[in-house]
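Me: Please go through the structure shown below with me, question by question, and give the cut-offs as the terms come up.

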Amino acid sequence: MRSDNLKDLADNPAYISGIYNYCDRWCERCAFTSRCLLYATEQAEPDANDPETRDITNEKFWRKLHDVFTDTATMISEWAAEAGVDLDSVDVTAEMAEHERELEAAEQDELSKIALRYAKTVGNWLGNEFVTVEDVHDDVTSGSDPVNEDLTVRDAAEIIQWYQFFIAVKLTRALSRPASIAEGSDDQDDLSFDFMSANEADEDEAIDYDAVIARANRIDSNGSAKVALVAIDRSMAGWRSLQLALPEKAHTINPILVELDRLRRLTEARFPQARDFIRPGLDEVLSEFVS
C-alpha cells in the first residue's frame with residue numbers, strides 16, 4: 001500500500017486506535033475488523049486473497065515483504081524530516097545490542113520455556129492422539145448429536161492450534177520489556193499523558209524520556225501478558241471441549257490442562273496487573289455495538 005493511501009486510511013475516525021496491538025490476529029473470528037486499521041490496510045492490497053503472498057517459500061511473499069519495507073522506510077524518512085530528526089546521525093548500535101540481550105534473557109525465562117514445551121506437546125498430541133474429521137463420529141459420546149459434536153471437536157482443535165505458538169510469542173515479548181517488573185503506577189492513561197507532555201512541552205523544559213520509555217515498556221509488557229492469558233484461557237476451554245467430546249482421550253489431555261493451568265498461574269504471578277489491562281476496543285464497551 002502506498003504511504004499516501006495509508007495516511008488516508010489512518011485519518012478515518014471509525015478505526016479504534018491501537019486495537020491491533022494486543023489482539024490475537026485471528027481476523028476471521030473477530031467482530032472488530034471493520035474498526036481495525038491494520039485489517040483495512042491488509043484488505044486494501046490488490047493481492048490480499050492470494051495465498052502465494054502468505055507462503056514463505058514463494059517469490060510473491062518476499063516481493064511483497066520488500067514492498068512493505070520500502071514503503072515503511074519512505075514513511076519513516078518523511079516523518080523524521082517533519083520532526084527535524086537526522087536519521088543518519090542516530091546511532092542505534094548500543095540499543096540494538098541491549099534489545100538482543102533482553103530478548104535472549106526472555107527466551108531463557110521459565111515462562112517462555114514452559115510455553116514452548118506446551119507448543120511441542122500440542123504438536124505431539126495432535127499427531128499421535130487426534131482423529132481425522134472423517135473418524136470423529138466414532139469418537140463422540142454415544143447418543144449425542146453428531147453434527148454438533150463434529151463442530152465442537154473441529155472448533156476446539158482449531159482454537160488449540162491457533163494459539164499453539166502464539167502463547168510463547170506473546171509471553172516472550174512481555175518478558176523482553178525491560179520495565180516489565182518495575183515498580184510504580186501502571187495506569188494506561190499515564191502513557192498518553194507523558195507523550196502529550198513531550199509534544200506540548202517548551203523547548204527549554206526538560207523531559208524525562210527514560211521515564212516515558214520505562215512506562216511504555218511496562219504498559220506494553222502487561223498488554224502482551226494479557227493477550228497471552230486470553231490465549232491460555234481459550235486453549236484450556238478448547239482442551240476441555242475435546243476432553244468432553246472424546247472421553248477415551250481424557251487421560252491424555254489431563255496432563256496438558258495441568259501444565260496450561262500452571263503456566264496461567266505463573267503468568268498471573270509474574271504480571272499481577274495484566275488481567276486489569278484494558279485492550280483498546282476488545283475490552284471496552286463501545287456504545288455503537290450495544291443493541
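Reply: Contact here means heavy atoms within 4.5 Å, and helices (H or I, at least four residues) and strands (E, at least two) are DSSP runs numbered from the N terminus. The model is predicted, so that local features need pLDDT of at least 70 and side-chain atom pairs count only at pLDDT 80 or more, while totals for chains, interfaces and linings use all residues. Residues are numbered from 1 along each chain as its sequence is written, and side-chain values use heavy atoms, with hydrogens and water left out.

Me: How many helices and strands are there in the protein?
Reply: From the N terminus on, the elements run α-α-α-α-α-α-α-α-α-α-α. The count for the protein is accordingly 11 helices and zero strands.

Me: What percentage of the contacts between residues at least 6 apart in sequence join residues at least 24 apart?
Reply: As for burial, 37% of the 291 residues count as buried, where buried means under 20% relative accessible area, exposed over 50% and partly exposed in between (1.4 Å probe, protein chains only). Among contacts between residues at least 6 apart in sequence, the share that joins residues at least 24 apart is 76%.

Me: Which residues does Trp 239 touch, not counting residues up to four places away in sequence?
Reply: Trp 239 is among the residues with the most contacts inside the largest nonpolar core. With residues up to four places away in sequence not counted, Trp 239 touches Tyr 118, Val 122, Trp 125, Ile 160, Ile 253, Ile 256, Leu 257 and Leu 260.

Me: How is α5 oriented relative to α11, parallel or antiparallel?
Reply: Residues of α5 including Leu 111, Ala 115, Tyr 118 and Trp 125 meet residues of α11 including Ile 253, Leu 260, Leu 263 and Thr 267, and α5 passes α11 in a left-handed crossing, a term for the near helix being turned anticlockwise from the far one by less than a right angle (right-handed if clockwise). The two helices pack at an angle of about 160°, with their axes 10 Å apart; axes are lines fitted to C-alpha atoms, for helices over the stretch in contact, and angles run from 0 to 180 degrees between N-to-C directions. Angles under 35 degrees count as roughly parallel, over 145 as roughly antiparallel, 65 to 115 as roughly perpendicular and the rest as oblique. The angle between α5 and α11 therefore makes them roughly antiparallel.

Me: How is α8 oriented relative to α11, parallel or antiparallel?
Reply: The axes of α8 and α11 are 12 Å apart and the packing angle is about 20°, while the contact is made by Ile 167, Leu 171 and Leu 175 of α8 and Leu 260, Leu 263, Thr 267 and Arg 270 of α11. The crossing of these two helices is left-handed. With an angle of about 20°, α8 and α11 are roughly parallel.

Me: How many of the 11 residues of α8 are buried?
Reply: The buried residues of α8 include Phe 166, Lys 170, Thr 172 and Ser 176. α8 is mostly covered, and the number of its residues that are buried is nine.

Me: What is the relative accessible area of Ser 112?
Reply: Ser 112 has its place in helix α5, whose axis comes within 8 Å of that of α8 and crosses it at roughly 170°. Leaving aside neighbours within four places in sequence, Ser 112 is in contact with Ala 106, Glu 107, Thr 172 and Leu 175. Ser 112 is buried because its relative accessible area is 1%.

Me: What is the relative accessibility of Thr 267?
Reply: Thr 267 belongs to helix α11 and, residues up to four places away in sequence not counted, touches Leu 111, Leu 171, Leu 229 and Ile 232. Thr 267 counts as buried because its relative accessibility is 0%.

Me: What is the phi of Arg 25 near?
Reply: Arg 25 lies in the loop between α1 (3-10) and α2 (37-44), and is partly exposed, with a relative accessible area of 35%. Most residues other than glycine have a negative phi. The phi of Arg 25 is a positive value in a residue other than glycine, near 60°.

Terms used:
A nonpolar core is a set of buried Ala, Val, Leu, Ile, Met, Phe, Trp, Tyr and Cys residues joined through side-chain atoms within 4.5 Å.
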